[in-house]
Amino acid sequence: MDLIRVLIAILLPPLGVFLQVGFRGAFWLNILLTLLGYFPGILHAVWIIARR
């Protein structure tokens, strides 16, 4: 299941974080990072998924 979440996080980083944590602070931070740059959003999403 984590592999699927990582693949989703690469394509749509906020969706990957949402599937992991829901509407918590990490989700909103990931939206901000993705808007500032796609690559920081991906890194944050993969980090959130790998951490849990």
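Colleague: At what angle do α2 and α4 pack, and how far apart are their axes?

Modeller: The angle between α2 and α4 is about 20 degrees, and their axes are 8 Å apart. Axes here are lines fitted to C-alpha atoms, for helices over the stretch in contact, and angles run from 0 to 180 degrees between N-to-C directions. Helices are DSSP runs of H or I with at least four residues, strands are E runs of at least two, and both are numbered from the N terminus. Before we go on: this is a predicted model, where local features need pLDDT of at least 70 and side-chain atom pairs count only at pLDDT 80 or more, while totals for chains, interfaces and linings use all residues. Residues are numbered from 1 along each chain as its sequence is written, and side-chain values use heavy atoms, leaving out hydrogens and water.

Colleague: Why are α2 and α4 called roughly parallel?

Modeller: Angles under 35 degrees count as roughly parallel, over 145 as roughly antiparallel, 65 to 115 as roughly perpendicular and the rest as oblique. The α2 and α4 angle is about 20 degrees, and therefore the pair is roughly parallel.

Colleague: And what makes α1 and α4 roughly antiparallel?

Modeller: The axes of α1 (residues 2-11) and α4 (residues 38-51) cross at roughly 165 degrees and come within 8 Å. That angle puts α1 and α4 in the roughly antiparallel class, therefore the name.

Colleague: Which residues of α1 and α4 make the contact?

Modeller: Contact means heavy atoms within 4.5 Å. From α1 come Asp2, Arg5, Val6, Ala9, Ile10 and Leu11, and from α4 come Tyr38, Ile42, Ala45, Val46 and Ile49. These divide into nine nonpolar, no polar and two charged residues. Ala, Val, Leu, Ile, Met, Phe, Trp, Tyr, Cys and Pro count as nonpolar, Asp, Glu, Lys and Arg as charged, and the others, Gly among them, as polar.

Colleague: How do you know that Arg5 forms a salt bridge with Asp2?

Modeller: A salt bridge needs a side-chain nitrogen of Lys or Arg within 4 Å of a carboxyl oxygen of Asp or Glu. In Arg5 and Asp2 the closest N and O atoms are 3.8 Å apart, and they form a salt bridge. Because they are three residues apart in α1, about one helical turn separates Arg5 and Asp2. The whole structure has one salt bridge.

Colleague: What is the angle between α1 and α2?

Modeller: Helix α1 packs with α2 (residues 13-21) at about 145 degrees, and their axes are 5 Å apart. Among the residues that meet are Ile8 in α1 and Leu19 in α2. By class, this contact has seven nonpolar, two polar and two charged residues.
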